[in-house]
Amino acid sequence: MTSRRTLFVDRVATLLLSLLLLAGGAAAAYWWSGRSPFGDRLDLAVVRDAVEAAWFPWVAALVGIVLALLGLRWILAHLGRPTVSRLHLSGSGSGGRLDVNAGQVAGAAADALADTIGVRSARGTVVRDRGQLVARLTATIEPDADLGVVARQADLVSAQLREVLDRDDVRCSVELRVAARSRGLVRAH
C-alpha cells in the first residue's frame with residue numbers, strides 16, 4: 001500500500017504530464033493548421049547548436065542520472081510493505097513500552113467474527129493504508145447468511161477491537177465475500 005505522500009506525488013506528476021502532453025498536442029495541431037508564425041518549416045538550428053556544444057553530453061548525462069534516481073525512488077515508494085507487525089499501546093512511556101502483535105490481535109478479532117452464524121471463515125491483518133492504520137477483517141459468508149446479523153457482529157467486533165487497542169487512530173475495515181456455494185446454515189428454532 002502506498003502512502004498519502006506517494007499518492008499525492010503520483011497525482012501531481014500525472015497532472016503535470018497530462019498538461020504537458022495536452023500543450024504539446026495543441027501546439028502541434030496549431031503548427032499543423034498553418035496559422036503558426038513559424039511557417040511550414042521549423043528552424044532547428046538552435047537545438048542542433050545546443051546538441052553539438054561541448055557541455056551538452058555532461059548536462060544530458062547529469063539529467064539522465066537524476067531522472068534515473070528519481071524513477072528508482074518512485075518505484076521503491078510503491079514497493080513498501082503495508083502490513084504492520086507491532087502496535088504501540090497507551091501506557092508506553094519512559095519506563096517502558098507496551099507493544100502488541102498487530103497480526104494476532106486482528107486474527108483474534110477475525111476469529112470472533114468467524115463465530116457468527118453465517119460466517120464461514122474470517123481473517124484479519126493490520127495495514128497502513130494512505131497513512132492510516134487499518135485493521136482489515138475479511139470474512140467469507142454463506143450465500144444465505146443474514147446480512148443484518150453479520151453487519152451487527154462486524155460492528156461489535158470492530159468496536160471491541162478499538163476498545164482493546166485503546167487507540168483512536170486505528171480504523172477497522174470489514175470486507176464480506178459471499179461463498180460460491182452454500183454449506184447450509186444450522187438454524188435455531
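Figure 1. Over residues 55-76 the chain is 95% helix and 0% strand, with the end C-alpha atoms 32 Å apart; helices here are DSSP runs of H or I with at least four residues, strands are runs of E with at least two, and both are numbered from the N terminus. An unreviewed UniProt entry gives the annotation "transmembrane region" to residues 55-76, and such annotations, given in the numbering used here with shortened feature names, may be inferred rather than shown by experiment. The model is predicted, so that local features need pLDDT of at least 70 and side-chain atom pairs count only at pLDDT 80 or more, while totals for chains, interfaces and linings use all residues. Residues are numbered from 1 along each chain as its sequence is written, and side-chain values use heavy atoms, with hydrogens and water left out.

Figure 2. Phe 8, Val 9, Val 12, Leu 15, Leu 16, Leu 19, Leu 22, Leu 72, Trp 74, Ile 75, Leu 76 and Leu 79 make a nonpolar surface patch of about 1,200 Å². Patches consist of residues with over 30% relative accessible area and no salt bridge, where like charges are joined within 9 Å and nonpolar side chains (Val, Leu, Ile, Met, Phe, Trp, Tyr) within 5 Å; accessible areas come from the Shrake-Rupley method with a 1.4 Å probe, and for residues only the protein chains shown count as cover. Helices α1 (4-32) and α3 (56-78) each supply at least two residues of the patch, and α1 gives the most, with seven residues.

Figure 3. Buried means under 20% relative accessible area, exposed over 50%, and partly exposed in between (1.4 Å probe, protein chains only). Leaving aside its neighbours within four places in sequence, Thr 6 is in contact with Ala 77 and His 78, where contact means heavy atoms within 4.5 Å.

Figure 4. The domain assignment of the chain, automatic or from a database, gives domain 1 (4-31 + 44-78) and domain 2 (116-178), and 44 Å separate their centres, taken over C-alpha atoms. Gly 131 lies in the loop between β3 (119-129) and β4 (132-141) and counts as partly exposed at 44% relative accessibility. From C-alpha to C-alpha, Gly 131 and Pro 57 are 41 Å apart in space, and they are 74 residues apart in sequence.

Figure 5. Side chains of opposite charge can pair when their charged atoms come close. A salt bridge is a side-chain nitrogen of Lys or Arg within 4 Å of a carboxyl oxygen of Asp or Glu, and by this rule the count comes to seven. Asp 168, which is exposed at 63%, forms one with Arg 162, the closest N and O atoms being 4.0 Å apart. Arg 167, buried at 15% relative accessibility, meets Asp 169 in another (2.6 Å, N to O), and Asp 169 is partly exposed at 34%. Asp 166 lies in the loop between α5 (147-165) and β5 (170-178), and its phi is near 55 degrees, a positive value in a residue other than glycine.
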